[in-house]
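Let's take a friendly walk through one protein model. Have a look at it first, and then read on.

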Amino acid sequence: MPHQAEYDAVNVLQPIGVILAIGGAGSQIALDPERLGECMDDADPAVNQAGQVGSQVKVKVGDTWLLASVRNQRQDRRAGTSGGITADVDFLGEGHEEKLTGRVYNFRRGVTRYPIPGALVYPTSTQDLKQIYSSDGRPNIEIGRVYPTKDIRAGLYIDAMLGKHFALLGSTGTGKSTSAALILHRICEAAPEGHIVMIDPHGEYSAAFRQTGIIFDVSNLQMPYWLMNFEEHCEILLTSHGAERQVDADILARCLLVARQKSRLAESLGKVTVDSPIPYLLSDLSAELNLQMGKLDKATSSAPFIRIKSKLDELKGDPRYQFLFSGMLVGDTMAEFIAKLFRMPSNGKPIAIIDVSGVPSDITATVVAVLSRLVFDFAIWGREEKTRPILLVCEEAHRYVPNEKNADGSSVGRILSRIAKEGRKYGISLGLITQRPSDLAEGVLSQCGTIISMRLNNDRDQAFVKAAMPEGARGFLDAISALRNRECIICGEGVSIPIRVNFDNLDEAKRPASEDPSFVELWSESGGEEDAVRRTVQRWRAQAG
């Protein structure tokens with residue numbers, strides 16, 4: 001009886017099938033069911049999976065090995081009762097053959113020479129996969145292990161991933177937030193002087209980045225209202241629609257310009273527009289509205305002035321808006337605000353988590369728009385300086401860059417779409433995290449060079465992601481609905497070839513606060529409910545949360 005190691009070696013050296021037809025990116029192979037059965041007993045997990053959907057196989061062409069991913073399988077009826085199997089494969093790349101062992105080395109993406117029909121197909125071993133997945137020397141971060149192997153580390157090339165934007169997708173409950181935290185922690189470890197801004201709509205990530213980041217929420221964000229441009233002012237101050245809205249916008253533009261021109265800073269600048277980010281007093285805006293209203297003749301309605309003024313008074317008086325409209329935010333703090341927000345210098349805490357969960361829902365989108373636009377404008381006006389790339393990570397991205405069906409014409413969708421299209425020219429990287437990729441704006445996902453997809457339960461989402469993925473990843477994509485929690489498929493710029501990855505476990509202290517509650521545990525204990533309700537009502541009324 002052959003020794004196990006010899007048996008394994010025999011499996012790797014014996015073909016499992018033959019090439020039937022060749023096409024550009026993909027081809028068709030015939031597999032021998034008997035050989036597949038023998039491989040299933042192999043100790044090497046890579047050989048063990050040989051020929052299965054999502055596994056890799058190799059074909060010899062001259063002195064190179066061509067690597068292909070199995071996309072699907074079906075029974076070949078022409079094979080009669082012997083039950084042959086045909087499969088479609090996508091070619092991923094090629095590597096040289098090591099003469100002594102026959103293994104693959106010096107692997108690279110792309111194919112220069114195709115095999116001919118009749119060429120033999122072999123299983124890939126873990127040793128082959130080590131060569132294929134091993135880093136090519138570029139800076140990378142390790143995030144988990146490559147499936148189905150036990151010990152091959154999965155790495156992401158940071159420069160390639162951030163240089164062309166990335167998207168992390170996955171249905172609720174697949175471990176998406178934890179995986180996002182893991183990737184960001186690894187980036188922070190690799191680049192402790194980085195500049196990362198994360199928009200966190202649910203306050204999940206504060207717990208994960210207490211040590212490595214600065215947490216901003218409504219209690220300490222202090223975002224000056226005068227940083228908003230005219231469009232953002234309109235979103236917050238105008239309540240009318242249709243023709244009335246245009247009238248209101250014209251009035252607001254005139255009055256806002258006068259208020260900005262009264263600033264001491266405006267005198268030194270010379271030219272000031274409604275969009276100029278210079279401080280002005282809310283009382284000046286209010287006074288100008290009153291003044292203009294006083295000049296009206298009898299035929300002109302004062303309703304637009306009253307609408308704008310009452311909204312302005314409402315915002316000034318509402319404690320929930322204090323982080324934006326506080327009278328304390330009049331000073332020229334733009335440089336300090338941007339420096340602390342973009343972590344310049346980072347002082348060993350390269351990530352700013354902006355928790356917008358306490359922001360009133362009617363202005364959340366506008367606040368995210370202002371923050372995103374600041375990133376973009378800072379990069380554009382900083383072109384004369386040494387480039388300091390900024391990574392903007394947007395959780396729940398489908399809320400801010402929705403597709404046409406859900407679009408509401410808000411400024412946040414426009415600025416994030418613009419960053420997706422033009423950001424990399426200015427050193428801005430965009431990271432989009434969403435559980436509903438099919439609700440994202442059409443072009444945005446295709447702008448993401450690296451796609452990290454966890455399990456997607458919805459058919460529409462699966463189809464949408466498949467359309468955005470490159471050809472070679474199609475075999476993997478059929479597994480999207482079958483992925484386990486904390487497992488993903490990565491393809492694009494950040495990896496050499498598409499891979500399926502089991503994410504590493506994160507320390508408790510580095511995890512986001514998004515764990516699902518255990519109903520059984522929490523519903524089997526009692527005590528202190530009345531006090532908890534009383535305290536909750538108190539916080540609710542005080543609007544402090």
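A crossing of two helices is left-handed if the near helix is turned anticlockwise from the far one by less than a right angle, and right-handed if clockwise. The model is predicted, so local features need pLDDT of at least 70 and side-chain atom pairs count only at pLDDT 80 or more, while totals for chains, interfaces and linings use all residues. Residues are numbered from 1 along each chain as its sequence is written, and side-chain values use heavy atoms, leaving out hydrogens and water.

The crossing of H7 and H14 is left-handed. Helices here are DSSP runs (H or I, at least four residues), as are strands (E, at least two), numbered from the N terminus. The two helices pack at about 165° with their axes, lines fitted to C-alpha atoms over the stretch in contact, 10 Å apart. Angles run from 0 to 180 degrees between N-to-C directions. H7 and H14 are therefore roughly antiparallel (over 145 degrees; under 35 is roughly parallel, 65 to 115 roughly perpendicular and the rest oblique).

Here are the residues in contact (heavy atoms within 4.5 Å):

| Helix | Residues in the contact |
|---|---|
| H7 (230-237) | Glu-232, Glu-235, Ile-236 |
| H14 (residues 361-381) | Ile-363, Thr-366, Ala-369, Val-370, Arg-373 |

Now to H8. Its 20 residues (242-261) should span 28 Å, and the end C-alpha atoms are 29 Å apart, which agrees; the expected span is 1.5 Å times one less than the number of residues. Its buried residues (under 20% relative accessible area, with exposed over 50%, partly exposed in between, 1.4 Å probe, protein chains only) include Asp-248 and Leu-252. The buried residues of H8 pack against H7, H9, H10 and H11.
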